[in-house]
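Kindly keep the model in view while reading the numbered points.

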Amino acid sequence: MQCSFKTFRFEKKDDEEPVEVKTPEMLDPSYGMYTWPCAAVLAQFVWHNRSLVAGKHVLELGAGTSLPGILAAKCGATVTLTDSCHLPRCLDNCRRSCEVNNMSEVKVLGLTWGQVSPAMLTLPPVDVILGSDCFYDPKDFEDVIATVFYFLQKNPQAKFWTTYQERSSDWSIEALLKRWKLTCVHIPLTLFGADSPSLGGSDLPGNHSIQMLQITNS
C-alpha cells in the first residue's frame with residue numbers, strides 16, 4: 001500500500017530553524033494510518049510547553065502517525081509510542097514515523113487500552129501521557145481512563161494531555177473521571193495558539209470543535 005507523508009512545521013520566535021515532523025499516511029480503514037486534527041492541536045500544545053517535556057519521559061497512547069510524540073522527542077523528551085497490540089499496521093506506522101524523522105531512540109510498544117501487559121509493567125514512570133482523539137468511541141472511554149490511571153498511580157505527579165473532538169453532546173467522561181478519582185482541567189485553545197486557521201504549517205484547521213484537557217490525580 002502506497003504511503004504519503006505530511007510535513008508539519010513548528011516555528012520558533014527567534015531566527016533558529018523551525019522544527020519539522022513528517023507523518024506517514026495511508027488510505028486504510030485503521031484510524032492510526034492518518035493524522036487527524038486532534039493530533040495537530042495536541043502537537044501545538046506540546047510545542048507551546050516544550051520546556052516542560054524536555055528531559056521527561058513522555059508516552060503517547062494510540063499514537064498512530066505519532067505527530068505529538070515525535071514532536072516531544074524533538075523537543076528533548078524520552079518518548080515511548082504505543083498503539084494497540086491488535087493493530088500491527090498501526091504499530092508499524094509508529095515505527096515508520098520514527099524512521100522518517102530519524103528518531104531511532106524512540107521506543108514503540110504494543111499497549112491495548114484497559115489491559116496490563118508485561119512490557120507495560122517494565123516501563124519506567126511516565127511524566128506526561130499524550131492522547132489525541134482517544135475518546136472517539138464511547139465503548140473505549142473507560143479502558144482509556146483505566147490505562148491512564150495506571151500510569152498516574154506509578155507517578156502521582158504525571159499529567160495526561162489529551163485532545164478530543166466533540167461528536168455528540170451525549171458523550172461524556174465526567175462520571176468516569178469521578179469513579180477513577182481523577183481531575184480534569186479544560187485548556188482554551190487560545191492559550192497555546194491552536195485557534196488559528198491552520199496548525200503546524202499544515203492544512204489541518206485549528207478553529208474547530210476540538211477540546212484540550214489536562215487530567216491528573218485528584
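1. The largest nonpolar core of this predicted model has 39 residues, and Leu 71 and Trp 161 have the most contacts inside it. Such a core is a set of buried Ala, Val, Leu, Ile, Met, Phe, Trp, Tyr and Cys residues joined through side-chain atoms within 4.5 Å. Buried means under 20% relative accessible area, exposed over 50%, and partly exposed in between (1.4 Å probe, protein chains only).

2. Residues are numbered from 1 along each chain as its sequence is written. In this predicted model, local features need pLDDT of at least 70, side-chain atom pairs count only at pLDDT 80 or more, and totals for chains, interfaces and linings use all residues, while side-chain values use heavy atoms, leaving out hydrogens and water.

3. Beyond its neighbours within four places in sequence, Leu 71 is in contact (heavy atoms within 4.5 Å) with residues including Phe 10, Val 19 and Trp 47. A second, separate core of 25 residues includes Phe 135, Tyr 150, Phe 151 and Ile 173.

4. Rings of Phe, Tyr and Trp (its six-membered ring) pair if their centres lie within 6.5 Å; planes under 30 degrees apart count as stacked, over 60 as edge-to-face and the rest as tilted. The count by this rule is eight aromatic pairs. One of them, Phe 141 with Trp 171, is edge-to-face, at 6.4 Å centre to centre and 80° between the planes. Phe 141 is buried at 6% relative accessible area, whereas Trp 171 is partly exposed at 38%.

5. Tyr 150 and Phe 151 are also edge-to-face, because their planes lie at 75°, with ring centres 5.2 Å apart.
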